[in-house]
Amino acid sequence: MSASREDLKQRLLAQARRRPRPAAAPSVGDAKPPEEHGAVSEHLTRFDAHPAYQQIALIREGARRLGLSDPFFKVHEGIAGATSRIDGRDCLNFASYNYLGLSGDPRINQAACDAVARHGTSVSASRMVAGERPIHGELEQAIAEAYQAEDAVAFVSGHATNVSTLGYLMGPRDLILHDEYIHNSALVGAQLSGARRIAFPHNDPDALEALLARHRHQFERTLIVIEGLYSMDGDVPALPRFIEIKRRHRAWLMVDEAHSFGVLGQHGLGLREHFGVASEAVDIWMGTLSKSLAGCGGYIAGSRALVEMLRYLAPGFLYSVGLPAQVAAPALAALRLMRQEPERVARLHEISRYFLERARALELDTGHSIGAAVVPVIVGSSPLAARLSHALYEQGINVQPILHPAVPEQSARLRFFLCCDHTPQQVDTTLDALITALKEA
Ligand code: PMP
(Lines give C-alpha, C1' and ligand atoms only; values in the text may rest on other atoms or scores of the structure.)
Protein backbone atom coordinates (compact mmCIF):
# COMPACT_ATOMS: atom_id res chain seq x y z
CA MET A 1 0.00 0.00 0.00
CA SER A 2 1.41 3.48 -0.87
CA ALA A 3 2.30 5.91 1.96
CA SER A 4 -0.62 8.23 1.18
CA ARG A 5 -3.18 5.39 1.08
CA GLU A 6 -1.79 3.99 4.33
CA ASP A 7 -2.05 7.47 5.85
CA LEU A 8 -5.65 7.83 4.66
CA LYS A 9 -6.52 4.40 6.07
CA GLN A 10 -5.05 5.30 9.49
CA ARG A 11 -7.04 8.55 9.56
CA LEU A 12 -10.27 6.80 8.65
CA LEU A 13 -9.68 4.14 11.30
CA ALA A 14 -9.02 6.79 13.95
CA GLN A 15 -12.19 8.63 12.94
CA ALA A 16 -14.19 5.44 13.07
CA ARG A 17 -12.89 4.67 16.56
CA ARG A 18 -14.18 8.05 17.80
CA ARG A 19 -17.61 7.62 16.18
CA PRO A 20 -20.19 5.56 18.14
CA ARG A 21 -20.91 2.45 16.13
CA PRO A 22 -24.33 0.86 15.70
CA ALA A 23 -24.45 -2.69 17.08
CA ALA A 24 -25.16 -4.24 13.70
CA ALA A 25 -23.67 -7.39 12.26
CA PRO A 26 -20.75 -6.68 9.91
CA SER A 27 -21.85 -6.78 6.31
CA VAL A 28 -20.55 -9.32 3.86
CA GLY A 29 -17.24 -8.13 2.49
CA ASP A 30 -16.45 -5.99 5.53
CA ALA A 31 -12.67 -6.02 5.43
CA LYS A 32 -11.84 -4.38 8.77
CA PRO A 33 -9.41 -6.28 10.99
CA PRO A 34 -11.06 -8.37 13.77
CA GLU A 35 -10.24 -5.91 16.57
CA GLU A 36 -12.35 -3.31 14.75
CA HIS A 37 -15.51 -5.36 15.42
CA GLY A 38 -15.13 -4.88 19.20
CA ALA A 39 -18.46 -2.98 19.49
CA VAL A 40 -20.42 -5.82 17.84
CA SER A 41 -21.99 -7.93 20.51
CA GLU A 42 -20.57 -11.46 20.74
CA HIS A 43 -24.04 -13.02 20.44
CA LEU A 44 -24.46 -11.58 16.94
CA THR A 45 -21.46 -13.56 15.74
CA ARG A 46 -22.49 -16.99 17.07
CA PHE A 47 -24.79 -19.52 15.41
CA ASP A 48 -25.67 -21.02 18.79
CA ALA A 49 -26.99 -17.61 19.87
CA HIS A 50 -29.27 -17.33 16.84
CA PRO A 51 -32.99 -17.28 17.85
CA ALA A 52 -33.69 -20.23 15.52
CA TYR A 53 -31.05 -22.36 17.25
CA GLN A 54 -32.37 -21.34 20.64
CA GLN A 55 -35.89 -22.38 19.62
CA ILE A 56 -34.60 -25.86 18.75
CA ALA A 57 -32.65 -26.04 22.02
CA LEU A 58 -35.83 -25.12 23.91
CA ILE A 59 -37.83 -27.90 22.23
CA ARG A 60 -35.03 -30.42 22.95
CA GLU A 61 -34.91 -29.36 26.58
CA GLY A 62 -38.72 -29.72 26.84
CA ALA A 63 -38.53 -33.23 25.37
CA ARG A 64 -35.64 -34.16 27.71
CA ARG A 65 -37.63 -33.02 30.76
CA LEU A 66 -40.56 -35.17 29.65
CA GLY A 67 -38.14 -38.09 29.22
CA LEU A 68 -38.90 -38.30 25.47
CA SER A 69 -36.53 -39.10 22.64
CA ASP A 70 -36.33 -36.77 19.63
CA PRO A 71 -39.20 -37.89 17.34
CA PHE A 72 -37.56 -36.34 14.27
CA PHE A 73 -34.84 -37.51 11.86
CA LYS A 74 -35.40 -41.21 12.60
CA VAL A 75 -33.24 -43.43 10.43
CA HIS A 76 -35.19 -45.93 8.30
CA GLU A 77 -32.84 -48.77 7.47
CA GLY A 78 -34.81 -50.30 4.61
CA ILE A 79 -37.87 -49.41 2.56
CA ALA A 80 -40.31 -47.10 4.37
CA GLY A 81 -43.82 -48.25 3.48
CA ALA A 82 -46.62 -49.67 5.64
CA THR A 83 -43.80 -51.08 7.77
CA SER A 84 -40.24 -49.95 8.23
CA ARG A 85 -37.07 -50.95 10.07
CA ILE A 86 -35.96 -48.23 12.48
CA ASP A 87 -33.23 -48.58 15.10
CA GLY A 88 -32.91 -52.27 14.26
CA ARG A 89 -36.63 -52.89 14.94
CA ASP A 90 -39.47 -53.63 12.53
CA CYS A 91 -42.21 -51.03 13.05
CA LEU A 92 -45.63 -50.27 11.72
CA ASN A 93 -45.08 -47.06 9.84
CA PHE A 94 -47.59 -44.21 9.55
CA ALA A 95 -45.05 -41.50 8.78
CA SER A 96 -44.30 -41.80 5.09
CA TYR A 97 -45.94 -40.48 1.92
CA ASN A 98 -45.47 -43.76 0.09
CA TYR A 99 -49.26 -43.79 -0.39
CA LEU A 100 -49.34 -46.34 -3.21
CA GLY A 101 -46.51 -48.50 -1.88
CA LEU A 102 -44.56 -47.90 -5.07
CA SER A 103 -41.29 -46.73 -3.53
CA GLY A 104 -39.44 -50.01 -3.12
CA ASP A 105 -41.48 -51.92 -5.73
CA PRO A 106 -38.93 -54.05 -7.66
CA ARG A 107 -40.24 -52.78 -11.01
CA ILE A 108 -39.72 -49.17 -9.95
CA ASN A 109 -36.25 -49.99 -8.61
CA GLN A 110 -35.42 -51.64 -11.94
CA ALA A 111 -36.50 -48.51 -13.84
CA ALA A 112 -34.03 -46.49 -11.75
CA CYS A 113 -31.22 -49.03 -12.34
CA ASP A 114 -31.84 -49.11 -16.09
CA ALA A 115 -31.82 -45.31 -16.30
CA VAL A 116 -28.59 -45.07 -14.36
CA ALA A 117 -26.93 -47.69 -16.56
CA ARG A 118 -27.92 -45.71 -19.63
CA HIS A 119 -27.35 -42.12 -18.56
CA GLY A 120 -25.13 -42.13 -15.45
CA THR A 121 -26.09 -40.42 -12.22
CA SER A 122 -26.23 -36.73 -13.14
CA VAL A 123 -27.48 -34.61 -16.01
CA SER A 124 -24.91 -32.05 -14.77
CA ALA A 125 -26.71 -28.75 -15.43
CA SER A 126 -29.85 -27.02 -16.57
CA ARG A 127 -31.64 -28.97 -19.29
CA MET A 128 -31.66 -25.84 -21.41
CA VAL A 129 -27.87 -25.74 -21.67
CA ALA A 130 -26.69 -29.26 -20.81
CA GLY A 131 -29.41 -30.95 -22.83
CA GLU A 132 -32.36 -33.23 -22.23
CA ARG A 133 -32.56 -36.98 -21.73
CA PRO A 134 -35.43 -38.83 -23.44
CA ILE A 135 -36.91 -39.64 -20.02
CA HIS A 136 -37.56 -35.94 -19.30
CA GLY A 137 -39.91 -35.54 -22.25
CA GLU A 138 -41.55 -38.94 -21.62
CA LEU A 139 -42.25 -38.10 -17.98
CA GLU A 140 -43.64 -34.66 -18.80
CA GLN A 141 -45.83 -36.06 -21.56
CA ALA A 142 -47.21 -38.71 -19.19
CA ILE A 143 -47.98 -36.06 -16.56
CA ALA A 144 -49.68 -33.85 -19.15
CA GLU A 145 -51.74 -36.86 -20.27
CA ALA A 146 -52.73 -37.72 -16.71
CA TYR A 147 -54.07 -34.16 -16.37
CA GLN A 148 -55.43 -33.98 -19.91
CA ALA A 149 -53.42 -30.77 -20.05
CA GLU A 150 -51.60 -29.27 -23.01
CA ASP A 151 -48.16 -29.66 -21.45
CA ALA A 152 -46.21 -30.22 -18.24
CA VAL A 153 -42.75 -29.40 -16.92
CA ALA A 154 -40.83 -31.23 -14.18
CA PHE A 155 -38.53 -29.50 -11.68
CA VAL A 156 -35.89 -31.12 -9.43
CA SER A 157 -37.79 -30.37 -6.24
CA GLY A 158 -41.45 -29.99 -5.31
CA HIS A 159 -40.60 -27.10 -3.01
CA ALA A 160 -38.62 -25.35 -5.76
CA THR A 161 -41.54 -25.87 -8.15
CA ASN A 162 -43.80 -23.69 -6.03
CA VAL A 163 -41.11 -21.15 -5.16
CA SER A 164 -40.13 -20.70 -8.78
CA THR A 165 -43.60 -20.77 -10.29
CA LEU A 166 -45.17 -18.27 -7.91
CA GLY A 167 -41.99 -16.23 -7.61
CA TYR A 168 -41.63 -15.91 -11.36
CA LEU A 169 -45.22 -15.69 -12.53
CA MET A 170 -46.47 -13.02 -10.15
CA GLY A 171 -45.11 -9.51 -9.51
CA PRO A 172 -45.51 -6.40 -7.38
CA ARG A 173 -48.69 -5.25 -9.17
CA ASP A 174 -50.38 -8.60 -8.57
CA LEU A 175 -52.38 -10.24 -5.81
CA ILE A 176 -51.99 -13.75 -4.36
CA LEU A 177 -54.82 -15.11 -2.24
CA HIS A 178 -54.10 -18.40 -0.55
CA ASP A 179 -55.64 -20.78 1.94
CA GLU A 180 -54.20 -20.07 5.39
CA TYR A 181 -52.92 -23.68 5.56
CA ILE A 182 -51.00 -23.51 2.30
CA HIS A 183 -47.59 -25.20 2.23
CA ASN A 184 -44.44 -23.26 3.03
CA SER A 185 -43.19 -23.60 -0.57
CA ALA A 186 -46.14 -21.56 -1.89
CA LEU A 187 -45.68 -18.98 0.87
CA VAL A 188 -42.00 -18.55 0.03
CA GLY A 189 -42.84 -18.26 -3.68
CA ALA A 190 -45.50 -15.66 -2.95
CA GLN A 191 -43.08 -13.65 -0.82
CA LEU A 192 -40.41 -13.85 -3.50
CA SER A 193 -42.81 -12.56 -6.15
CA GLY A 194 -43.33 -9.24 -4.37
CA ALA A 195 -47.09 -9.56 -4.98
CA ARG A 196 -49.56 -8.50 -2.30
CA ARG A 197 -50.33 -11.70 -0.36
CA ILE A 198 -53.48 -12.31 1.66
CA ALA A 199 -54.42 -15.56 3.41
CA PHE A 200 -58.09 -16.54 3.59
CA PRO A 201 -59.52 -18.81 6.31
CA HIS A 202 -59.04 -22.51 5.64
CA ASN A 203 -61.40 -23.97 3.03
CA ASP A 204 -63.64 -20.91 3.15
CA PRO A 205 -64.67 -19.84 -0.38
CA ASP A 206 -67.05 -17.21 1.02
CA ALA A 207 -64.17 -15.46 2.76
CA LEU A 208 -62.16 -15.67 -0.47
CA GLU A 209 -65.06 -14.17 -2.38
CA ALA A 210 -65.28 -11.25 0.08
CA LEU A 211 -61.54 -10.57 -0.27
CA LEU A 212 -61.79 -10.62 -4.05
CA ALA A 213 -64.74 -8.24 -4.03
CA ARG A 214 -62.71 -5.85 -1.90
CA HIS A 215 -59.26 -6.09 -3.46
CA ARG A 216 -59.38 -7.58 -6.96
CA HIS A 217 -59.78 -4.26 -8.81
CA GLN A 218 -56.60 -2.80 -7.26
CA PHE A 219 -54.34 -5.36 -8.91
CA GLU A 220 -53.40 -6.61 -12.36
CA ARG A 221 -53.15 -10.41 -12.15
CA THR A 222 -54.68 -12.37 -9.31
CA LEU A 223 -53.77 -15.92 -8.32
CA ILE A 224 -55.70 -18.10 -5.87
CA VAL A 225 -53.67 -20.96 -4.36
CA ILE A 226 -55.23 -23.98 -2.69
CA GLU A 227 -54.20 -27.59 -2.07
CA GLY A 228 -55.89 -30.72 -3.36
CA LEU A 229 -55.62 -32.53 -0.01
CA TYR A 230 -54.38 -30.70 3.06
CA SER A 231 -51.65 -32.72 4.70
CA MET A 232 -52.24 -31.50 8.26
CA ASP A 233 -55.97 -32.26 8.25
CA GLY A 234 -56.70 -34.64 5.40
CA ASP A 235 -59.53 -32.48 4.08
CA VAL A 236 -60.22 -31.19 0.56
CA PRO A 237 -61.39 -27.87 -0.89
CA ALA A 238 -64.78 -27.48 -2.59
CA LEU A 239 -63.12 -27.22 -6.00
CA PRO A 240 -66.23 -26.39 -8.12
CA ARG A 241 -66.96 -23.43 -5.86
CA PHE A 242 -63.39 -22.12 -6.15
CA ILE A 243 -63.57 -22.47 -9.93
CA GLU A 244 -66.81 -20.56 -10.09
CA ILE A 245 -65.37 -17.76 -7.92
CA LYS A 246 -62.10 -17.46 -9.81
CA ARG A 247 -63.99 -17.22 -13.12
CA ARG A 248 -66.24 -14.47 -11.88
CA HIS A 249 -63.31 -12.44 -10.57
CA ARG A 250 -61.02 -13.11 -13.54
CA ALA A 251 -58.35 -14.71 -11.40
CA TRP A 252 -56.10 -17.72 -11.95
CA LEU A 253 -56.52 -20.81 -9.78
CA MET A 254 -53.57 -22.99 -8.75
CA VAL A 255 -54.02 -26.36 -7.03
CA ASP A 256 -51.09 -27.99 -5.23
CA GLU A 257 -51.67 -31.73 -5.62
CA ALA A 258 -48.65 -32.86 -3.58
CA HIS A 259 -50.91 -35.08 -1.46
CA SER A 260 -53.95 -35.51 -3.69
CA PHE A 261 -52.41 -36.90 -6.88
CA GLY A 262 -52.33 -40.69 -6.55
CA VAL A 263 -54.77 -40.46 -3.65
CA LEU A 264 -58.03 -38.84 -4.74
CA GLY A 265 -60.31 -40.05 -7.53
CA GLN A 266 -61.09 -43.58 -8.61
CA HIS A 267 -57.85 -43.81 -10.61
CA GLY A 268 -55.75 -41.60 -8.36
CA LEU A 269 -55.88 -38.74 -10.83
CA GLY A 270 -56.38 -36.25 -8.06
CA LEU A 271 -58.81 -33.51 -7.14
CA ARG A 272 -59.91 -33.10 -10.76
CA GLU A 273 -61.12 -36.70 -10.87
CA HIS A 274 -62.58 -36.49 -7.35
CA PHE A 275 -64.90 -33.66 -8.44
CA GLY A 276 -65.14 -34.58 -12.12
CA VAL A 277 -64.10 -31.16 -13.39
CA ALA A 278 -62.41 -30.34 -16.69
CA SER A 279 -58.64 -29.95 -16.56
CA GLU A 280 -58.66 -26.44 -18.01
CA ALA A 281 -61.02 -25.21 -15.30
CA VAL A 282 -57.87 -24.95 -13.14
CA ASP A 283 -55.11 -22.76 -14.55
CA ILE A 284 -52.12 -24.28 -12.77
CA TRP A 285 -51.93 -27.89 -11.62
CA MET A 286 -48.92 -28.44 -9.39
CA GLY A 287 -47.76 -31.70 -7.89
CA THR A 288 -44.75 -33.53 -6.51
CA LEU A 289 -42.97 -36.68 -7.63
CA SER A 290 -41.88 -37.49 -4.08
CA LYS A 291 -45.07 -38.99 -2.67
CA SER A 292 -47.38 -41.32 -4.64
CA LEU A 293 -44.94 -41.24 -7.57
CA ALA A 294 -42.04 -42.68 -5.57
CA GLY A 295 -39.40 -40.25 -6.82
CA CYS A 296 -38.28 -36.72 -6.10
CA GLY A 297 -39.16 -33.45 -7.81
CA GLY A 298 -42.22 -31.44 -8.75
CA TYR A 299 -44.27 -30.53 -11.79
CA ILE A 300 -46.59 -27.96 -13.27
CA ALA A 301 -49.26 -29.00 -15.78
CA GLY A 302 -51.43 -26.57 -17.72
CA SER A 303 -51.55 -24.58 -20.91
CA ARG A 304 -48.71 -24.69 -23.44
CA ALA A 305 -48.00 -20.98 -22.89
CA LEU A 306 -47.72 -21.39 -19.11
CA VAL A 307 -45.41 -24.41 -19.36
CA GLU A 308 -43.24 -22.88 -22.05
CA MET A 309 -42.80 -19.71 -20.02
CA LEU A 310 -41.67 -21.72 -16.99
CA ARG A 311 -39.39 -23.95 -19.05
CA TYR A 312 -37.59 -20.97 -20.55
CA LEU A 313 -37.61 -18.54 -17.67
CA ALA A 314 -38.52 -19.90 -14.21
CA PRO A 315 -35.29 -19.58 -12.18
CA GLY A 316 -35.63 -22.95 -10.40
CA PHE A 317 -35.84 -24.64 -13.80
CA LEU A 318 -33.57 -22.48 -15.92
CA TYR A 319 -30.76 -22.08 -13.39
CA SER A 320 -31.00 -25.47 -11.71
CA VAL A 321 -29.94 -28.93 -12.76
CA GLY A 322 -32.47 -31.18 -14.54
CA LEU A 323 -33.92 -34.27 -12.87
CA PRO A 324 -31.34 -37.07 -12.91
CA ALA A 325 -32.51 -39.92 -15.13
CA GLN A 326 -32.60 -42.39 -12.21
CA VAL A 327 -35.10 -40.10 -10.46
CA ALA A 328 -37.24 -39.28 -13.49
CA ALA A 329 -37.48 -42.93 -14.62
CA PRO A 330 -39.00 -44.38 -11.42
CA ALA A 331 -41.49 -41.48 -11.26
CA LEU A 332 -42.61 -42.30 -14.80
CA ALA A 333 -42.74 -46.03 -13.99
CA ALA A 334 -44.81 -45.25 -10.88
CA LEU A 335 -47.24 -43.14 -12.88
CA ARG A 336 -47.67 -45.98 -15.40
CA LEU A 337 -48.11 -48.57 -12.63
CA MET A 338 -50.66 -46.40 -10.87
CA ARG A 339 -52.71 -46.41 -14.06
CA GLN A 340 -52.19 -50.12 -14.79
CA GLU A 341 -52.99 -51.19 -11.22
CA PRO A 342 -55.97 -49.08 -10.09
CA GLU A 343 -56.50 -51.57 -7.25
CA ARG A 344 -53.69 -49.79 -5.38
CA VAL A 345 -55.75 -46.60 -5.22
CA ALA A 346 -58.86 -48.63 -4.30
CA ARG A 347 -56.96 -50.34 -1.43
CA LEU A 348 -55.66 -46.96 -0.22
CA HIS A 349 -59.24 -45.61 -0.18
CA GLU A 350 -60.49 -48.67 1.66
CA ILE A 351 -57.84 -48.74 4.38
CA SER A 352 -58.00 -44.96 4.88
CA ARG A 353 -61.77 -45.10 5.33
CA TYR A 354 -61.39 -48.04 7.70
CA PHE A 355 -58.88 -46.07 9.80
CA LEU A 356 -61.17 -43.03 9.91
CA GLU A 357 -64.29 -45.01 10.82
CA ARG A 358 -62.52 -47.02 13.53
CA ALA A 359 -60.94 -43.88 15.00
CA ARG A 360 -64.31 -42.12 15.06
CA ALA A 361 -65.96 -45.13 16.64
CA LEU A 362 -63.34 -44.90 19.40
CA GLU A 363 -64.32 -41.23 19.83
CA LEU A 364 -60.95 -39.93 18.70
CA ASP A 365 -61.00 -36.43 17.23
CA THR A 366 -60.11 -36.78 13.55
CA GLY A 367 -61.02 -33.17 12.68
CA HIS A 368 -62.24 -32.66 9.13
CA SER A 369 -60.37 -35.59 7.57
CA ILE A 370 -62.30 -37.19 4.74
CA GLY A 371 -60.37 -40.43 5.24
CA ALA A 372 -58.08 -40.31 2.20
CA ALA A 373 -54.49 -41.23 3.15
CA VAL A 374 -54.18 -38.53 5.85
CA VAL A 375 -55.96 -38.85 9.19
CA PRO A 376 -54.99 -36.67 12.15
CA VAL A 377 -55.87 -37.55 15.72
CA ILE A 378 -56.14 -34.22 17.50
CA VAL A 379 -55.16 -34.42 21.17
CA GLY A 380 -55.06 -30.70 22.01
CA SER A 381 -51.64 -30.39 23.64
CA SER A 382 -48.10 -30.52 22.26
CA PRO A 383 -46.57 -32.36 25.26
CA LEU A 384 -49.39 -34.95 25.09
CA ALA A 385 -48.90 -35.45 21.33
CA ALA A 386 -45.14 -35.89 21.90
CA ARG A 387 -45.75 -38.37 24.77
CA LEU A 388 -48.23 -40.40 22.71
CA SER A 389 -45.88 -40.56 19.73
CA HIS A 390 -43.13 -41.74 22.08
CA ALA A 391 -45.39 -44.35 23.75
CA LEU A 392 -46.48 -45.75 20.37
CA TYR A 393 -42.91 -45.83 19.13
CA GLU A 394 -41.93 -47.87 22.20
CA GLN A 395 -44.47 -50.40 20.97
CA GLY A 396 -43.13 -50.44 17.44
CA ILE A 397 -45.56 -47.94 15.87
CA ASN A 398 -44.05 -44.97 14.11
CA VAL A 399 -46.29 -41.89 13.91
CA GLN A 400 -45.25 -38.25 13.99
CA PRO A 401 -46.53 -35.70 16.49
CA ILE A 402 -47.44 -32.30 15.04
CA LEU A 403 -46.69 -29.71 17.67
CA HIS A 404 -47.13 -25.98 18.21
CA PRO A 405 -46.09 -23.78 16.33
CA ALA A 406 -46.70 -26.01 13.28
CA VAL A 407 -50.36 -26.01 14.42
CA PRO A 408 -52.13 -24.00 17.15
CA GLU A 409 -51.49 -25.57 20.59
CA GLN A 410 -55.12 -26.68 21.00
CA SER A 411 -54.93 -28.66 17.78
CA ALA A 412 -51.61 -30.45 18.44
CA ARG A 413 -51.99 -33.93 17.02
CA LEU A 414 -50.67 -37.23 15.84
CA ARG A 415 -50.77 -37.43 12.08
CA PHE A 416 -51.30 -40.80 10.44
CA PHE A 417 -50.36 -41.34 6.80
CA LEU A 418 -51.89 -44.48 5.31
CA CYS A 419 -50.37 -46.64 2.61
CA CYS A 420 -52.33 -49.04 0.39
CA ASP A 421 -50.37 -51.91 1.98
CA HIS A 422 -51.61 -51.27 5.53
CA THR A 423 -53.99 -53.98 6.75
CA PRO A 424 -57.10 -53.65 8.92
CA GLN A 425 -55.28 -55.67 11.62
CA GLN A 426 -52.41 -53.16 11.62
CA VAL A 427 -54.91 -50.32 11.96
CA ASP A 428 -56.70 -52.10 14.84
CA THR A 429 -53.41 -52.75 16.66
CA THR A 430 -52.41 -49.12 16.26
CA LEU A 431 -55.69 -47.59 17.40
CA ASP A 432 -55.91 -49.97 20.37
CA ALA A 433 -52.37 -49.01 21.38
CA LEU A 434 -53.29 -45.33 21.02
CA ILE A 435 -56.37 -45.72 23.27
CA THR A 436 -54.24 -47.48 25.91
CA ALA A 437 -51.54 -44.79 25.68
CA LEU A 438 -54.20 -42.07 26.01
CA LYS A 439 -55.59 -43.70 29.16
CA GLU A 440 -52.10 -43.98 30.65
CA ALA A 441 -51.27 -40.38 29.73
N1 PMP B 1 -46.50 -28.87 -1.52
C2 PMP B 1 -47.01 -29.52 -0.47
C3 PMP B 1 -48.47 -29.37 -0.17
C4 PMP B 1 -46.21 -30.35 0.32
O5 PMP B 1 -46.75 -30.99 1.36
C6 PMP B 1 -44.84 -30.46 0.01
C7 PMP B 1 -43.90 -31.32 0.84
N8 PMP B 1 -44.43 -32.31 1.56
C9 PMP B 1 -44.34 -29.76 -1.08
C10 PMP B 1 -45.19 -28.98 -1.83
C11 PMP B 1 -42.88 -29.86 -1.45
O12 PMP B 1 -42.63 -31.06 -2.07
P13 PMP B 1 -41.25 -31.84 -2.00
O14 PMP B 1 -41.12 -32.38 -0.59
O15 PMP B 1 -41.41 -32.93 -2.98
O16 PMP B 1 -40.17 -30.88 -2.32
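The lining of the second largest pocket divides into 12 nonpolar, 5 polar and 2 charged residues. Keep in mind as you explore that this is a predicted model.

- Helix H2 gives the most to the lining of the second largest pocket, with 7 residues.

**The largest pocket**

- In the largest pocket you will find about 620 Å³ of space.
- A total of 32 residues line the largest pocket, and those nearest its centre are Tyr 181, Ile 182, Glu 227, Ser 231 and Met 232.
- At least two lining residues come from each of helix H6 (158-169), helix H7 (184-193) and strand S13.
- Helix H6 gives the most here, with 3 residues.
- By residue type, the lining of the largest pocket has 13 nonpolar, 12 polar and 7 charged residues.
- Both domain 1 (67-96 + 342-440) and domain 2 (106-340) take part, each supplying at least three residues to the lining of the largest pocket.

**Cavities, and a ring with charges over it**

- How many cavities of 30 Å³ or more turn up in a search of the whole structure? The search finds 3.
- The largest cavity has a volume of about 50 Å³.
- Lining the largest cavity are Ser 69, Asp 70, Pro 71, Lys 74, Ala 386, Ser 389, His 390 and Tyr 393.
- These lining residues divide into 3 nonpolar, 3 polar and 2 charged.
- Two residues of that lining, Lys 74 and Tyr 393, also meet in another way: Lys 74 lies over the face of the Tyr 393 ring, at 4.0 Å from the ring centre.
- Arg 89 also lies over the face of Tyr 393, at 4.8 Å from the ring centre.

**Aromatic pairs**

- The structure has 12 aromatic pairs, counting rings whose centres lie within 6.5 Å.
- Why is the pair of Phe 94 and Phe 416 called edge-to-face? The ring centres are 5.5 Å apart and the planes stand at 75°, so the pair counts as edge-to-face, the cut-off being over 60 degrees.
- Phe 94 lies in the loop between strand S2 (89-93) and helix H3 (106-119), while Phe 416 belongs to strand S13 (residues 413-417), so this pair ties together parts that are 322 residues apart in sequence.
- Are these two residues, Phe 94 and Phe 416, buried or exposed? Both are buried.
- Tyr 147 and Trp 285 form a tilted pair, with 5.4 Å from centre to centre and 35° between the planes.
- This second pair also links distant parts of the chain: Tyr 147 is in helix H5 (residues 134-147) and Trp 285 is in strand S8 (residues 284-288), 138 residues apart.
- Tyr 147 has a relative accessible area of 0%, so Tyr 147 is buried.
- Trp 285 is buried too, with a relative accessible area of 0%.
- Tyr 147 and Trp 285 belong to one aromatic cluster together with Phe 261 and Tyr 299.

How values were computed. Residues numbered from 1 in each chain as written. Predicted model: local features only at pLDDT ≥ 70, side-chain atom pairs only at ≥ 80, totals over all residues. Heavy atoms only, no water. Phe/Tyr/Trp six-rings, centres within 6.5 Å; stacked < 30°, edge-to-face > 60°. Helix = DSSP H or I, 4+ residues; strand = E, 2+ residues; numbered from the N terminus. Buried < 20%, exposed > 50% of the residue type's maximum accessible area, 1.4 Å probe, protein only. Lys NZ or Arg CZ within 6 Å of the ring centre and 35° of its normal. 1 Å grid on protein atoms, 1.4 Å probe; cavity = no way out; pocket = protein on both sides within 12 Å on 5 of 7 lines; lining within 4 Å. Points joined across faces, edges and corners; volume = space filled by probe spheres on them. Nonpolar A, V, L, I, M, F, W, Y, C, P; charged D, E, K, R; others polar. Domains from an automatic or database assignment.
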